Amino acid sequence: MKYFDNETVQSLGFYVVGSNTELLDRINQIMGDKGHLGVCDPQGHYHYVIDGRKGAPYAARRIAGVTQKFILDAERSSKAEKFNVEFYVDSVLSCYAFDDSLKGYHFLRYMLIQLTMDPGLSTSLSKMLYPMTAQHFQVETSHVERNVRYCLLKLKEMEETGLDYRHRMLPLAIEEGKPIFQAVKTRVLIECKDRYTNAEAVRTLHKQIQKLIKCDLFPEMALEEDRGEKAWA
């Protein structure tokens, strides 16, 4: 397993010192080159020592530079994580006959994205996930619940009317940062159900999203789980 990418490995540096003099010399060298020194504590918090020997304006520029880099790195990480989550959510939703022109579809999609990033939200849809979605779209909580329910009703009607079982090429995996397309048939969300409740639909879709992510990131673990499920069936 590859724990670090090439960019991370190139940014790593280790200095082993055997005396106080060597330690002070190394710190002084780093301060002279960069004007600051960062130290990470056991809790993962970074602390920066800024070289103030060249005056307050110099120290202020170093503080601004470090802060800006920290903000950009955090934003880049957040965007990358969000992109991956949206990819997996869209991949699962695309397997069903949802009408993506409905507001309820976009509410449901947003809920699944938030739920995938924070599974703890599954403890209560009405108290946590609905209000969060309502705030994001600037609507009432009852509006979210009602529109998601209508979206699922239209999905069930489409399934009962007759699905288009033609194969579609959908991006259901990622390899080396690129989507891999696979041919799939339109699925039925839950077999032997006359109607879908919001809670059971969200749970079913979230479970499939988690499974897809696990198949991509931990294929050996997913294979073992599949074998276990077949053994109990």
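**Exercise 1.** Determine whether Lys-193 is buried, partly exposed or exposed, and identify its salt-bridge partner.

*Solution.* Step 1: Lys-193 has 33% relative accessibility and therefore counts as partly exposed. The classes are buried, under 20% relative accessible area, exposed, over 50%, and partly exposed in between (1.4 Å probe, protein chains only). Step 2: the side chain of Lys-193 meets that of Glu-200 in a salt bridge, with N to O at 3.4 Å. A salt bridge requires a side-chain nitrogen of Lys or Arg within 4 Å of a carboxyl oxygen of Asp or Glu. Step 3: Glu-200, at 14% relative accessibility, counts as buried.

The model is predicted: local features need pLDDT of at least 70 and side-chain atom pairs pLDDT 80 or more, while totals for chains, interfaces and linings use all residues. Residues are numbered from 1 along each chain as its sequence is written, and side-chain values use heavy atoms, without hydrogens and water.

**Exercise 2.** State which parts the salt bridge of Asp-90 and Arg-109 ties together.

*Solution.* Step 1: the closest N and O atoms of Asp-90 and Arg-109 are 2.7 Å apart. Step 2: Asp-90 lies in helix H3 (residues 56-93) and Arg-109 in helix H4 (residues 103-117), so the pair joins parts 19 residues apart in sequence. Helices are DSSP runs (H or I, at least four residues), numbered from the N terminus. Step 3: Asp-90 is partly exposed at 26% relative accessibility, as is Arg-109 at 22%.

**Exercise 3.** Find how many salt bridges the whole structure holds.

*Solution.* The search finds four, including the one between Glu-157 and Lys-154.

Terms used: Helix = DSSP H or I, 4+ residues; strand = E, 2+ residues; numbered from the N terminus.
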